[in-house]
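Please look over the chain and its fold below, with attention to open space, nonpolar packing and charged pairs.

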Amino acid sequence: MSFRQPAPGTQPPYDAPEYGSTHRRHPKQPLIRIPQTLTETSAPRMRPSLYETTHNLAKGPGWEAQGERITVAGRVLDEDGRPVPGAMVEVWQANAAGRYNHERDQHDAPLDPNFKGEGRIFTDAEGWYRYTTIRPGAYPWRNHHNAWRPVHIHYSLFGAGFAQRLITQMYFPGDPLLPLDPIFNCVPDPAARERLVARFDLEVTEPDHALGYRFDIVLRGRDATPMENTA
């Protein structure tokens, strides 16, 4: 089965000069297309009954994370705007101080013992997903002098099989670091970059609890959400 390809300039290149680590990681030889068999396209099956789901990253039994609560919701769609049901959506992020709960993150910022910074949700029959979390903080990285990553949440999307995986990032509107970020700006097309930015949504906002953001993900076609070729 063939799919409409993304428009030129709407996806990041494998080697982006301003994003230093891509030069070390990108393929040095032409890619080889390998036909997918039934195993790659249908196994293992991703079902809620087989995986633990986490709709609230900010609070659990006997604990609550520190920071600004937010709720994020959106739809996963194909190139024709049709919903993609049953997609497994995994998210991971830094805490409110801009630090990941990972041993390799040595940023001089406090860890929150009540915040793991990861979750898993499945889309419903209409392609909707929804979760509550803590707004992450910006953090420094060593790509260039005085480099800081904008506030963002990482996304991993699985389809029917393990080989059907796409990775992207969600950014927040009005972030002054976006024009300075090599990862965000390695997508050449400005309109495509904007598809990585969530929008504030009062309908998603939970009264007296959490501000809401809408982030839809289009998997293919001319309006596809930019995905990480270098992941």
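Predicted model: local features only at pLDDT ≥ 70, side-chain atom pairs only at ≥ 80, totals over all residues.

Residues are numbered from 1 along each chain as its sequence is written, and side-chain values use heavy atoms, with hydrogens and water left out.

Q: Which residues lie closest to the centre of the second largest pocket?
A: A pocket here is an open set of points on a 1 Å grid over the protein atoms alone, where a 1.4 Å probe fits, with protein on both sides within 12 Å along at least five of seven lines, and lining residues have an atom within 4 Å of a point. The second largest pocket holds about 1400 Å³ of space, a volume being the space filled by probe spheres set on the points. Of its 44 lining residues, the closest to the centre are Tyr-100, Tyr-139, Trp-141, Arg-149 and His-154.

Q: Which elements give two or more residues to the lining of the second largest pocket?
A: Elements are DSSP runs numbered from the N terminus, helices being H or I of at least four residues and strands E of at least two. By residue type, the lining divides into 19 nonpolar, 16 polar and 9 charged, where Ala, Val, Leu, Ile, Met, Phe, Trp, Tyr, Cys and Pro count as nonpolar, Asp, Glu, Lys and Arg as charged, and the others, Gly among them, as polar. The elements that give two or more residues are helix 1 (21-25), strand 7 (139-141), strand 8 (147-149) and strand 10 (165-171).

Q: Which residues touch the most other members of the largest nonpolar core?
A: A nonpolar core is a set of buried Ala, Val, Leu, Ile, Met, Phe, Trp, Tyr and Cys residues joined through side-chain atoms within 4.5 Å; buried means under 20% relative accessible area, exposed over 50% and partly exposed in between, with a 1.4 Å probe and protein chains only. Of the 25 residues in the largest core, those that touch the most other members are Val-72, Tyr-129, Tyr-131, Tyr-155, Met-170 and Phe-215.

Q: How many residues apart in sequence are the parts tied together by Glu-79 and Arg-220?
A: The two form a salt bridge, their closest N and O atoms being 2.9 Å apart, where a salt bridge is a side-chain nitrogen of Lys or Arg within 4 Å of a carboxyl oxygen of Asp or Glu. Glu-79 lies in the loop between strand 3 and strand 4 and Arg-220 in the segment after strand 13 (217-218), so the pair ties together parts whose separation in sequence is 141 residues.

Q: Is Asp-181 buried or exposed?
A: Asp-181 meets Arg-149 in a salt bridge of 3.0 Å, N to O, and the pair links the loop between strand 10 and helix 3 (182-185) to strand 8. Arg-149 has a relative accessible area of 2% and is buried. For Asp-181 the relative accessible area is 0%, and this residue is therefore buried.

Q: What is the phi of Asn-146?
A: Asn-146 is found in the loop between strand 7 and strand 8, and at 60% relative accessibility this residue counts as exposed. Although Asn-146 is not a glycine, its phi is positive, at about 55 degrees.
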